Amino acid sequence: MSVLQANCPSCAAPIEFQKGSTIVIVCPYCRSAVARTDRGVEDLGKVAELFDSSSPLKLGLKGTFNGQRFELTGRAQLKHELGGYWDEWYATFANGWVGWLAEAQGRFYMTFFHPLPAGVVLPTFDELQIGSTVSQIPSKAPLMVTEKGIATAAAAEGEIPYKLVPGEQNQYADLSGINNAFGTIDYSISPPWVFVGQQVTLADIGLADARPVQRQPRRASAAAMGCPNCGGPLALIAPDKAERVTCPNCNSLLDVDQGSLKYLKTLSPSPSPHAFVLPIGAEGTFKDGVKFKIIGAAVRSVTVEGIKYYWHEYLLYEPIIGFRWLVHSDNHWNFVEPVNPAEVVQSGTIGYGTSVLFNGRTYRIFQDAQASVEYVQGEFYWRVEQGETVRAVDYVAPPLMLSQEMSPGEINWSAGVYLTNADIEKAFAVSDLPKPWSVAPNQPFTGSFYYTWGALPLFLLLVIAIFMIPIAGISRTVLSQDINLPPLVNATTPQAQFSQQFELKANRNVRITASAPVSNSWVDLDVDLINDQSQEVESVNIPIEFYSGTDSDGAWTEGGQTQDATTSSLPAGKYTLRVEGTWQNWQQSMPVKVKVEQGVMRGINFICALIVLLLIPVIGLIRKAMFESRRWSESMFGSSGDDDEE
């Protein structure tokens, strides 16, 4: 398509509409927004200087998306109603596509105009509910409303494919879906326009090597800033992102507006009984070797049953990645990252027993309360206010925590991972951090070794028992003999008889079984195993008694006519039994049948080993139960139970 050449109606400088879809071009000489109309060009007014966002993108940058090449030919800079800016880059594709690459807080979203089917009517801006699904938009995944707000056209450069009016305010809604799906409803047009696409990384769009553009410093540099209340010097760490900053000299909360500072109020002292343990400006290295800098710190609180609980949150910043949080509560630590709200699967209303599913893992509800900002220090990317309140709901699956924060215009989800004091000390190269107390909501139980690896010997015992039963169960009878004991001389003088000689093998236990035809009487046998060579004796006692009868409950029996005794292995050799006994009916002889067996399978050794080996896992499980009880005693949904832990 031919290039439309014209002159700026404000300064008469030559301008060119190079893309057929371009509606507005920003004059590079006088910064007028010039619109193309069917009658010529129209001056829409001056646009402000671009707010330097340290973006890795720039006009003329070329990339690829879904195999199609594109070029960034325009940039609109919009201001959020709560402060902060985001960029929307106009991407023109070689195949004729027109896309928007939005950039906010280190994240990127590529979207395209998505015409709705005929007859489809979207909800009005007021009808949209945060967290609800916009079913009217056909897409691969349902799109959830995650934010509603008012955007102000603040600045622009290059070519823009719509009529951008400087300072104009428009309502919008941001939508999220699973698998990084993303959408926006633009209510500046009637009927509203819908843009659908996905969250991308710079690598996804062929710009992995892009780095922040080095621009001229603003006239009001960080080093030149002074507090408008006390005149003390200020040094902003992220001046291109900050919307609020506190003066370290007079404790004033200041508004940051493109390098200008405005006094808002003097903050009341922090109500927290503990000071910040990490200073503003400290740098810490976390996963993947990324170095973040602390640029802000906040004291937040919740009130449960009339008691106020405090914790600290540190705002971390890295120019390419953006913002993360480090949460410090009861001297426990969590590294927190934002997550896509649509990836969190909720079931039913929030309350006792509620759980959510994220990344294939179930999280149980732990807390639901109003969280308030009590005190702030440093700089923040939104217009933070003392007393600012959101509804905060925490779900846990140690060592992870999912947190949902809801306000009238926005819903945010974040995922925190538990870090130990040693992790934080290593990250920030510090030492002697205060020791944690109690159990954190997502603190992992570190004693799982005792009932996991500690159960390995128990498992081996069971395996050995299974394989040994067939072998050990094959016993060998070495003697079976009937012995008749003559009548006793008197009731207390025993009679004795010897058995035939038999042979015992080494390393096998010995079981002696004796049977006697007693009935409502008894016989007491002392049996000696005599080694015929060494004359060493191993003695066992085998009492036999058997009683029976009837009563009001029917027939009954007690005891038995056969009993046995077992000894451990004896030296191999020839042996003889000496059977000596006394019995109730001593005037009569006592026939006794004796049997000697070797290699008899007994459960007593296995049971003893089982009990010993069970001690460690059982103690470990008891410790875990106590640990979980302490964890859930801190929850308003205090049902203790086992959580999946890694």
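# A guided tour in questions

Visitor: In which loop is Pro 191 found?
Guide: In this predicted model, Pro 191 is joined to Ser 190 by a cis peptide bond, with omega at about -5 degrees. The strands on either side of its loop cover residues 181-186 and 193-200, and Pro 191 is therefore placed, with strands counted as numbered DSSP runs, in the loop between β13 and β14.

Visitor: Which residue is joined to Pro 399 by a cis peptide bond?
Guide: Pro 399 has its place in the loop between β26 (389-397) and β27 (400-407). The omega of the cis bond is about 10 degrees, and the partner that this bond joins to Pro 399 is Pro 398.

Visitor: Is Asn 66 buried or exposed?
Guide: Asn 66 is found in the loop between β6 (62-65) and β7 (68-80), and its phi is near 50 degrees, a positive value in a residue other than glycine. Its relative accessibility is 58%, and since the term for residues over 50% is "exposed", Asn 66 counts as exposed.

Visitor: What relative accessibility does Ala 429 have?
Guide: Ala 429, found in the loop between α1 (421-428) and α2 (456-472), is not a glycine, although its phi is positive at about 55 degrees. This residue counts as exposed, a term that calls for a value over 50%, and the relative accessibility of Ala 429 is 71%.

Visitor: How far apart in space are Tyr 162 and Ile 23, C-alpha to C-alpha?
Guide: Tyr 162 lies in the loop between β11 (144-160) and β12 (169-177) and is partly exposed, with a relative accessible area of 29%. Leaving aside neighbours within four places in sequence, Tyr 162 is in contact with Ile 23, Val 24, Ala 76 and Trp 100. Although Tyr 162 and Ile 23 are 139 residues apart in sequence, their C-alpha atoms are separated by 5.1 Å.

Visitor: Which residue of β13 is the bridge partner of Ala 173?
Guide: The strand β12 runs antiparallel to β11, to which eight bridges join it, and across that pairing Ala 173 stands opposite Lys 148. Six bridges join β12 to β13, again in antiparallel fashion, and there the bridge partner of Ala 173 is Ile 185.

Visitor: Which residue takes a positive phi in the hairpin of β12 and β13?
Guide: The hairpin has three residues between its strands, and the strands themselves run antiparallel. The phi in question is near 60 degrees, and the residue that takes it is Asn 179.

Visitor: Which residues have the most contacts inside the largest nonpolar core?
Guide: This core has 30 residues, and the elements that give two or more residues to it include β29 (476-485), β32 (510-515), β33 (521-531) and β37 (573-583). A second, separate core of 21 residues includes Val 304, Ala 371, Val 376 and Val 384. Leaving aside neighbours within four places in sequence, Leu 525 is in contact with residues including Leu 485, Ala 514, Val 540, Val 579 and Val 592. Inside the largest core, the residues with the most contacts are Leu 525 and Leu 577.

Visitor: How many disulfides does the structure hold?
Guide: Cys 30 is in no disulfide, as the nearest cysteine sulfur, that of Cys 8, is 3.6 Å away, and the cut-off is 2.5 Å. For the structure, the number of disulfides is zero.

Technical notes: Residues numbered from 1 in each chain as written. Predicted model: local features only at pLDDT ≥ 70, side-chain atom pairs only at ≥ 80, totals over all residues. Heavy atoms only, no water. Core = buried A, V, L, I, M, F, W, Y, C linked by side-chain atoms within 4.5 Å. Buried < 20%, exposed > 50% of the residue type's maximum accessible area, 1.4 Å probe, protein only. Helix = DSSP H or I, 4+ residues; strand = E, 2+ residues; numbered from the N terminus. Contact = heavy atoms within 4.5 Å. Pairing = 2+ DSSP bridges.
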